[in-house]
Amino acid sequence: MEDDLFRRFHNQKLGVSFFYNSLLNSNKDQANSEHENDLQLKHEELKFRIIKLSSEANVGLQLFGLENGLKSSLNENETITEDSKLTHTQVAGNETAHTTTIYPTPVGNFKIRRYLVSHGGQGYLIAFQDRAEKFESEESQKIFETILDTFKFLDS
């Protein structure tokens with residue numbers, strides 16, 4: 001990647017802010033508009049998505065916890081590539097469970113890293129996806145790290 005240029009995503013309704021590589025684009029030009037509870041950015045086969053969980057999903061998250069919530073987001077034919085126990089980490093200083101999976105498709109395998117974050121009782125699912133063979137590349141990792149390193153929750 002030549003000179004990295006960045007854009008800022010800031011959305012009060014979604015409740016988050018972060019910087020991202022300008023190579024990423026939204027199908028709906030969501031990055032500059034107020035929209036509902038999710039955002040997807042992509043460049044070729046690399047994708048980033050964030051979903052603000054519904055109030056019903058937040059109740060389930062509080063009752064069953066981050067690990068079970070994250071497991072419920074996995075597709076049945078995905079294979080977890082990390083320890084069978086989900087990893088706990090932090091995103092923007094908040095308790096988070098994350099895991100990495102391989103998702104087979106007719107056009108090849110994709111690797112997906114998901115983070116389920118709880119911020120003040122509100123849950124967010126954050127996912128990064130790329131072709132399995134490109135996922136760990138410096139270019140992909142730099143795009144993912146920029147988003148995670150600059151990710152902030154907007155408190156009302």
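These are my notes on the salt bridges in this structure.

Entry 1. I noted at the start that the model is predicted. I looked up the salt bridges and found six in the structure.

Entry 2. I began with Lys134, which forms a salt bridge with Glu44; their closest N and O atoms are 3.9 Å apart. Lys134 sits in helix 2 (residues 132-135), while Glu44 sits in the loop between strand 3 (38-43) and strand 4 (46-52), so this pair ties together parts that are 90 residues apart in sequence. I then checked accessibility. Lys134 is partly exposed, at a relative accessible area of 32%. Glu44 is exposed, at 57%.

Entry 3. I turned to Arg114, whose side chain meets that of Glu78 in a salt bridge, 2.8 Å from N to O. I placed Arg114 in strand 8 (residues 108-119) and Glu78 in the loop between helix 1 (55-72) and strand 5 (79-80), so the pair ties together parts 36 residues apart in sequence. Buried or exposed, I asked of Arg114 and Glu78? I found both residues buried.

Entry 4. I looked up Arg113 and found a salt bridge with Glu136, with 3.7 Å between the closest N and O atoms. Arg113 is in strand 8 and Glu136 is in the loop between helix 2 and helix 3 (138-150), so the pair ties together parts that are 23 residues apart in sequence. Arg113 has 15% relative accessibility and counts as buried, because the cut-off is under 20%. Glu136 is partly exposed, with a relative accessible area of 47%.

Entry 5. Which residues are linked in a network with Arg113? I found that Lys111, Arg113 and Glu136 are linked in a network of salt bridges.

Definitions and conventions: Residues are numbered from 1 along each chain as its sequence is written. This is a predicted model: local features need pLDDT of at least 70, side-chain atom pairs count only at pLDDT 80 or more; totals for chains, interfaces and linings use all residues. Side-chain values use heavy atoms; hydrogens and water are left out. A salt bridge is a side-chain nitrogen of Lys or Arg within 4 Å of a carboxyl oxygen of Asp or Glu. Helices (H or I, at least four residues) and strands (E, at least two) are DSSP runs, numbered from the N terminus. Buried means under 20% relative accessible area, exposed over 50%, partly exposed in between (1.4 Å probe, protein chains only).
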